[in-house]
Amino acid sequence: MQWCLLRPVSLVPAALALTTIAASAEGGKSTGPSEFLLVAQIVLLIAVGRGLGEIMQRIGQPSVIGELLAGILLGPSIFGWIWPEAQQAVFPKTPEQKAMIDGIAQFGILLLLLLTGMETDLKLVRRIGKAAIAISIAGIVVPFACGFALGEFLPDALLPNPQQRLVASLFMGTALSISSVKIVAVVVREMNFMRRNVGQIIVATAIIDDTIGWIVIAVIFSLASQGTLDVASVAKAVLGTLIFLAVSFTIGRRMVSLLIRWANDTLVSTAPVITVILLLMGAMALLTHLIGVHTVLGAFVAGILVGESPILTRQIDERLRGLISSFFMPVFFGLAGLSADLSVLRDPHLLMLTGLLVVIASVGKFGGAFVGGTMGGLNYRESLALASGMNARGSTEVIIATIGLSIGVLSQTLFTMIVTMAIVTTMAMPPMLRAVLVGLPMNMEEKERLEREEFETRGFVANLERPLLTVDESVNATFAAHIAGLIVGMRGLPITVLRVGRLAKEQEGGRDEEVSHEAVVKRAAEMVSGHEEAGGVDIVTRTRRAELGEAIASEARKGFDLLVMGIERVTAINDRFDGRVEEIAAAFDGPLAIVAAKGSHLKQPMPERLNILVPVSGSGVSKRGAEVAVALAQAGSGSLRVIYVATTRDKGAQRGASRGLIQEEGILKDTSDLAARYDVDITTTLRMNRAPEAAILREIDTTDVDLVVMGVDRIQADHLSFGGVADAVLRQSKVSVLLVSSGEAHRTPVEKA
């Protein structure tokens, strides 16, 4: 184990020696900036940074600490102290050469802030509410006051411009008051406390701290650029920031979502969504620069808006995270470590000041967060956990210090002291937080919430991101739009409505036909968004312009996770589905929701309430059907009946009657618990010694239900099939039927309800 940990470090001397020899040879050939040196610097920073980051993670520390230590190792603190000529050869201080890698690092800052923004969960902040805001304010004010006071008493020799002490003091206050969301979230998630009350408060408070910190940094940047406290300039920066934030989180949120969808659905080039996101980040960074604040605020806000996009969030995060983590992070934090010359701490006076800085930063943040937690209603242990988590500065502190150094607010020595403080507080936080969180009890309310959220993480409806609704000109299409509207309306999901009637070129013959078809599409869209629960639903309507299978396959490639089908004819003769239904299903590999309107819904396809019957058997697909039924009952303000049906006709031969009854009652109880989580009242029924389809049809005949929701398996065959039970109910039911299928066809044709 020790050899595995030390192996990356043991390769560093050899890599340094080879790079130094090559760099010296290259330096003798050219007096200008060298591409070779740039590549050599990047290779060293990535290799050493990722290697030390791996070691840090294995001993329970964030990888960013390893990347910072890599810069310190390669910089004047160690490599330059041991072999100064070699260090100068690899990392020369000539302005032209330094500007090359600094440009990469500056763009890396923007990407890091983009990623930080994407990880910022505003829904979490809204859910925690006023408590997190109050705790955050107390956790910011105390360390800010400590940092500001420290800045006022710093010796003039530590300031690059003593005439701008006020700006430096404000910067120190901000630097000491901010926390690292990334480090806090990683440790809280690692401890499985992300969904616990105290874990959510810790992360939400760190998010608020971060957001306020970046806004303040942006204003301080404006102050530093003016050189003096110009009230008009500060007011302009503050007003510009407020307007920028207001527009971003209203119009901007909608525009970013539309742009991401447009890029995903329209562009055919490689990774178009990533390209659009990078362009958005750059545009917003430039905009904040134009209003007089730092570009990091624009990148951070762009990340928040991208993270709130309702589609493709997981794919976007994975693709961006890989590039940023493997390339830009080790380069940026390695350069920060290179800029920190720890040799200055050999001066006892500076070492003492650095220790004082660490103490003031820790006591200020710890004390402020602890007081804020107590005032916010947390108990002693929860407040202690909050204070421990908030004390980690991590990557955020290094970014701020780098900005301060670049704009001339911090001197090289003060920068080194702040980076040292960031390393010490970050390394101290994980063991402290782990010690406090272990064994922290939970109350009954928190336990019930965690059980509900745990169920939702495995649920079908709760994990939907983007349904596709296919409609024609029929009444069934209108009813299907109503069903789709209830499903997406509860969570405000975006939905695409695809008209699969006649081709667009076939509709050019007459005005009446055009109006008729347009009315169908409009009505379908209104059915989706016309409910009070679905006020925020984003709808895109499309008309097919190719053959049916080709049109569905083209849409399916855009990343839909459910297809709701509203076609006039659902079934055909010979126990088969209609040809159009089979063609649509064959072109879509994901889950299907096939709607068949019957009875009262043929006259009123937009009912005010739904009286739903859902058969359950304990199988995975029947649970999916029950989940959809509960969601529809909750959204449609209707009733819900649950009937247990067996998955085989000879259940008595396989187990005793009493054992069977216990299992059946247990399955019904599971469904009742599911409904109770969403405050839906249900009626349960046991139908003993009856074939599944007969039991379901009997329940339809003897109750007032008007919709049957069935979870079914796709069975692998030469045609679309869900088994005999589903087929019998679909054909013989006198009320509407909704079949919710699995995404893949099963080889064994087992009948399931």
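This report looks at a surface patch, several salt bridges and one serine in the structure above.

## About the model

The structure is a predicted model, in which local features need pLDDT of at least 70 and side-chain atom pairs count only at pLDDT 80 or more, while totals for chains, interfaces and linings use all residues. Residues are numbered from 1 along each chain as its sequence is written, and side-chain values use heavy atoms, with hydrogens and water left out.

## A nonpolar patch

Leu239, Ile243, Val247, Ile251 and Met255 make a nonpolar patch of about 480 Å². Patch members have over 30% relative accessible area and no salt bridge; like charges are joined within 9 Å, and nonpolar side chains (Val, Leu, Ile, Met, Phe, Trp, Tyr) within 5 Å. The areas come from the Shrake-Rupley method with a 1.4 Å probe, and for residues only the protein chains shown count as cover.

Ile251 belongs to helix 13, residues 231-266. Helices are DSSP runs of H or I with at least four residues, strands are runs of E with at least two, and both are numbered from the N terminus. With a relative accessible area of 52%, Ile251 is exposed. Here buried means under 20% relative accessible area, exposed over 50%, and partly exposed in between (1.4 Å probe, protein chains only).

## Salt bridges

Side chains of opposite charge can pair when their charged atoms come close. The whole structure holds 14 salt bridges, each a side-chain nitrogen of Lys or Arg within 4 Å of a carboxyl oxygen of Asp or Glu. One of them joins Asp156 and Arg165 at 2.4 Å, N to O. Asp156 is partly exposed at 47%, whereas Arg165 is buried at 15%.

Asp265 and Arg466 also meet in a salt bridge, at 2.4 Å, N to O. This pair links distant parts of the chain, 201 residues apart: Asp265 sits in helix 13, and Arg466 in the loop between helix 21 (444-458) and strand 1 (467-471). Asp265 is buried at 11% relative accessibility, and Arg466 is buried at 2%.

In another salt bridge, the closest N and O atoms of Asp578 and Arg569 are 3.9 Å apart. Salt bridges that share partners also join Asp265, Arg466, Arg542, Glu555 and Lys558 into one network.

## Around Ser177

Ser177 lies in helix 10, residues 165-177, and is buried with a relative accessible area of 5%. A polar atom of the Ser177 side chain lies 3.0 Å from the backbone oxygen of Thr174.

Leaving out residues up to four places away in sequence, Ser177 touches Gly139, Ile140, Pro143, Phe144, Asp209 and Lys365, where contact means heavy atoms within 4.5 Å.

Note on methods:
Polar contact = N/O pair within 3.5 Å; in protein donor to acceptor, adjacent residues only side chain to side chain.
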